[in-house]
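I opened this model to look up a few aromatic rings and their surroundings, and I kept the entries below as I went.

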Amino acid sequence: MTDSRFATRFNPGQADSRWQQAWDEARCFEADSTSAKPKSFILEMFPYPSGRIHIGHVRNYTMGDVLARYHKMRGREVLHPMGWDAFGMPAENAAMEKGVHPAGWTYDNIATMKRQLKQLGFALDWSREIATCDPTYYGHEQALFLALYEAGLVYRRESAVNWDPVDMTVLANEQVVDGRGWRSGALVEKRKLNQWFLKITQFADDLLEGLGTLDGWPQKVRTMQENWIGKSQGLQFRFDLSDGGTMEVYSTRPDTIFGASFVAVAADHPIAQGVAEGNPEAQAFIEKCREGGTTAAELETAEKLGFDTGITAKHPFTGADLPVFIANFVLMDYGTGAVMAVPGHDQRDFEFATKYGLPIIRVIAANPGDAEVPLREAETGDGVLVHSDFLDGMTVEEAKAAIIARAEEGSWGEGKTVWRLRDWGVSRQRYWGTPIPFIHCDACGVVPVPAYQLPVTLPEDVDFSIPGNPLERHPTWKQVDCPKCGAAARRETDTLDTFVNSSWYFLRFASQPGDKAFDKAEVAQWMPVQQYIGGIEHAILHLLYARFWTRALAHVGLLDVKEPFASLFTQGMVTHETYSRKEGPREVFFSPAEIDRSGEGAKLKADGQPVEIGKVIKMSKSKKNVVDPEDIIAQYGADAVRWFMLSDSPPERDLPWSEAGIEGCGRFVQRLWRLFGQLDESADGEDKALARRTHQTIAAVAEDIEALAFNKAVARIYELTGATEKAAPSADRNAAIRALLVLVSPMMPHLAEEGWEALGQSGLIAEAAWPEVDPALLVEDEVTIAVQVKGKLRDTLTAPKGASKETLEAMALASEKVQRAIDGAEIRKVIVVPDRLVNIVA
RNA sequence: GCGGGCGUGGCGGAAUGGUAGACGCCGGGGACUUAAAAUCCCCUGAGCCUUGCUCGUGCGGGUUCGAGUCCCGCCGCCCGCACCA
């Protein structure tokens, strides 16, 4: 024994807090922006301070922590910060329900969660901690907002908005899911309000193109953003109508114009509205369209319905009078809310035409000879134009270009790019958010708050006894003098969407001067974020907004980077089986702590009777299948919990929590501790095989961590541990033990520090270097060769590395098992893969 | 409907076209102990005529000396989007 301390078990209850304190005192993890070392910015999505840390946070931050500690060991200057996405509805809900102040509630939660994060020993630079609800944060945000306003990227207009009647606020399009508020779940209403907007559409093309450069992002997320931005190119043109008016339509398939057999408008289209006046039948139809649900099932089964307005539209080439329908499948908020319908080559139009007996004309055919083949369904594929006058014989692409050119010549239409992406409405009628820094003056209009008056801080004396915006009804807060003319004016009472807060927080982490949001040169030291880790649920909202803000800030000259996150990793959820019992009509759930899972099935501890074991699903309070991180840290120690988070499941997949699993991790912590205690300074002599294994493991674990394949790194550490335990004492075994100590230090930092100290090493292992690998030891000198006969394994043999093909073939043929398998048959061919296998084809 | 991903032991999962099931969990057997905990050792895909053989990575084909891996066609599950003209 090197140290009597190894005689007792490793005690996380004492060691964890001791080393956490040591790191704090040594300020190990404070990032130095002026360091000459290469820099790494490792970032996990910052949490909303909802109350307590949940297991998903633990998994997320453990992954980032391993990376951060690893990069530090590899000699990089690492920025690994933490903060709080602290504005938002739950704080106001708490204020309404419990009568507490949102600020008090939020800061209490921050204190709790910070304490919990500290218990996990994360290598975080707490000196850069930020809370977005702090005026020193949101004041700078107001300045940035004004800078974007100056550059014309912020505007205000009256618009129909998504109004959440439960939260009593406006939601962005991105926050409406299946017609319901993403948070409240309430059916969203349309309202007209004066709203502040950010001009994200100005960057639509750039945001789309930028996706192509994001090699470090999951393809899935890139595709989701691409679909959300939704670029399409086509022709917008006008029909002359029989009632003397004109109507704009948009089509991405102008090449099929000779196949148009009717025109359709949305129920909310002005033409539909016009027809409905004095026509009860039309009015009734429009009402019916509005009733239609928006859920997946409803849309899939929704029948195509139309109402003939009696108006006709003149075809620009044939002069034919096309009937104008109000149709339930046309959307008002895409394109112009009106379409030319080509039943032959659009499935919706086909269904509609079939139902209402309208002509179905083929204008595209796979081959010119197929022009008269009848259409059984809409054909949307490629081909050549037929029945299309001057377009006949052209390809789809050629025809599109020809029609757009013709329309532009004749001034009845123009080529146009349409986006699904809309400008981002950021006004929220809430208290707990960043006040929008504007003043409304009767004489001067909308006036930006001058820089010297920033930050515009939230009043503290607010009343949550009734719903609505407390800022709006505050007795004095909004009364202010106009900065321009000095007359009595009114402060803007809307606050910014909380997604604005999270759109630039990484910049504030990188640089936090007192007089401005960030310093451009200092930010350049750290950005872009080398590795960003978070949940897939932010694939569109947060990640698109952050990409937009970074571009917008670059556009106004405040930044030099366009893409904030070089690599993105979306981690899986932590899941757990559920326990329940049917009690009458309802299902009652029990928490894992209430369950005895030791024998067959599961029993409720309280009454010893069985409960039903349900599916393994994401941990959620309603299903009670949650484990509290603080409880398990208290029971097993931070290192066991961290190790569990990294073991078994690949990090992008779901991780099923299990009691047996965490116990196994706890055992492994002790097993390593015992092994560290076996370091024997008096031992000498070589163990070449173990030395090889050690160096191979060092190299492989490094590779795995860099690839975020933590589960594989864990498996390799288990293997080296097993091999080292079995090896006889030697200098190489001591080296293996020391290597293991360092290899596990990013994952189990407390155990590693404790072992490092007990073995008499100086300083902190957190500051130590990653072990060097001897390349000579990475290659084996003997290899195992698989010997196959007709592709089936018959024998294995050991050969010197690099043995010649002839040698290997001879060795294989000498094998008795091989000879028996060949059974005297003629050998037709022998395939030799050096250092790997011999395959004899007989 | 469109797009993406995934199907491997009892479970989580390994496997640059080259020995399928590494590693962990569960389970079984044993050692130590008065006993327990802790620890250690062995076994653990299925089957059989058990020095060994056969089968086996959702199903059916194909390419190849050789396929979990590549190609074609199905089936199932998961995720995202969705009447986007």
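Predicted model: local features only at pLDDT ≥ 70, side-chain atom pairs only at ≥ 80, totals over all residues.

**Notebook: rings and a helix residue**

Residues are numbered from 1 along each chain as its sequence is written, chains are lettered from A and ligands numbered from 1 in the order in which they are written, and side-chain values use heavy atoms, with hydrogens and water left out.

I then placed Tyr 505 and Phe 509 in helix α15 (residues 505–510), where they are four residues apart and therefore separated by about one helical turn (helices are DSSP runs of H or I with at least four residues, strands runs of E with at least two, numbered from the N terminus).

I also checked Thr 724, which lies in helix α22 (residues 710–726) and counts as buried at 0% relative accessibility. Beyond its neighbours within four places in sequence, I found Thr 724 in contact (heavy atoms within 4.5 Å) with Leu 675, Leu 690, Arg 733, Ala 736, Ile 737 and Leu 740.

Last, I looked for charges over rings (NZ of Lys or CZ of Arg within 6 Å of the ring centre and within 35 degrees of the ring normal): Arg 406 lies over the face of Phe 390, at 4.0 Å from the ring centre, and Arg 491 has its charged end over the ring of Trp 477, 5.5 Å from the centre.

How values were computed:
Buried < 20%, exposed > 50% of the residue type's maximum accessible area, 1.4 Å probe, protein only.
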